[in-house]
Amino acid sequence: MPEVIFPGPEGRLEGRYHPQKDRDAPIAIVLHPHPQFGGTMNNRVVYNLHYAFYNLGFTVLRFNFRGVGRSQGEYDQGIGELADAASALDYLQSMNQNAKHCWVAGFSFGAWIGMQLLMRRPEVTGFISVAPPANMYDFSFLAPCPASGLIINGAADRVAPPKDTVNLVNKLHEQKGITITHTQIEGAGHFFEDDEAHMKPMISEVSDYVKRRLTESTR
């Protein structure tokens with residue numbers, strides 16, 4: 001999988017880009033967890049999400065936010081990271097101008113950034129938010145949420161407690177014209193530590209959801 005360097009708002013950003021042979025393939029970007037708590041594009045959840053999308057026929061880009069790995073700049077409280085994500089999407093779109101579907105997936109802090117990106121980019125047709133930290137960040141900007149998506153979390157998550165995720169989902173359920181699907185993985189913590197019991201079921205739920213959405217014509 002080619003390593004790529006592309007321009008971001010604060011200098012270069014480092015990514016992994018995985019193109020399909022099909023020029024019309026759908027595209028997806030995957031956003032990593034908090035840079036100040038060891039989050040990188042090689043996080044296990046991010047890596048597995050990347051391959052889940054690739055195996056469904058997507059051209060996929062994951063990348064390091066500013067100040068992580070070989071990406072230039074420094075942590076910017078989420079504001080700069082959102083600008084990084086927009087640059088990553090620009091880069092991905094510039095390479096795949098025929099893509100009919102555009103998805104954003106994020107884990108933890110990356111889920112928060114991903115849902116903000118959704119608000120700014122009407123071309124995004126679907127999203128995956130894994131363990132969104134609704135207890136730490138304000139998600140009230142999702143009014144209205146412009147696209148349908150899947151929110152998935154661990155039932156034993158101590159970092160982003162399930163009750164806060166449920167509150168977020170309930171708020172989004174009240175909005176018309178979109179469908180928010182919510183799934184909890186029994187016994188899983190924030191990082192879906194156990195491959196067999198937690199990670200595989202989570203990725204399987206994501207794959208099934210995306211596959212189903214690609215066969216539907218609605219947003």
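Cover here goes by contact, meaning heavy atoms within 4.5 Å. Buried is under 20% relative accessible area, exposed is over 50%, and partly exposed is in between, with a 1.4 Å probe and protein chains only. Helices (H or I, at least four residues) and strands (E, at least two) are DSSP runs, numbered from the N terminus.

Quick caveats before I go on. This is a predicted model, so local features need pLDDT of at least 70 and side-chain atom pairs count only at pLDDT 80 or more, while totals for chains, interfaces and linings use all residues. Residues are numbered from 1 along each chain as its sequence is written, and side-chain values use heavy atoms, with hydrogens and water left out.

Back to H3. How much of H3 is buried? It's 10 of the 12 residues, so the helix is largely enclosed by the rest of the structure. The buried ones are Phe109, Gly110, Ala111, Trp112, Ile113, Gly114, Met115, Gln116, Leu117 and Leu118. As for geometry, H3 covers residues 109-120 and spans 17 Å from first C-alpha to last, close to the 16 Å expected at 1.5 Å a residue; that expected span is 1.5 Å times one less than the number of residues.

Zooming out, the protein chain has 5 helices and 8 strands, and the order along the sequence is β-β-β-α-β-α-β-α-β-β-α-β-α. Its radius of gyration is 16 Å, close to the 17 Å from the globule rule for 219 residues, so the chain is as compact as a globular protein of that length. That's taken over C-alpha atoms, and the rule is 2.2 Å times the number of residues to the power 0.38. The C-alpha box is roughly 40 × 40 × 35 Å along the principal axes. Buried residues make up 54% of the 219. And of the contacts between residues at least 6 apart in sequence, 69% join residues at least 24 apart.

One last stop, in the loop between H2 and E5: Ala99. Buried or exposed, or in between? Ala99 is partly exposed, at 23% relative accessible area. Beyond its neighbours within four places in sequence, Ala99 contacts Asp24, Ala25, Pro26 and Ile27. Its C-alpha is 9.3 Å from that of Phe58, 41 residues away along the chain.
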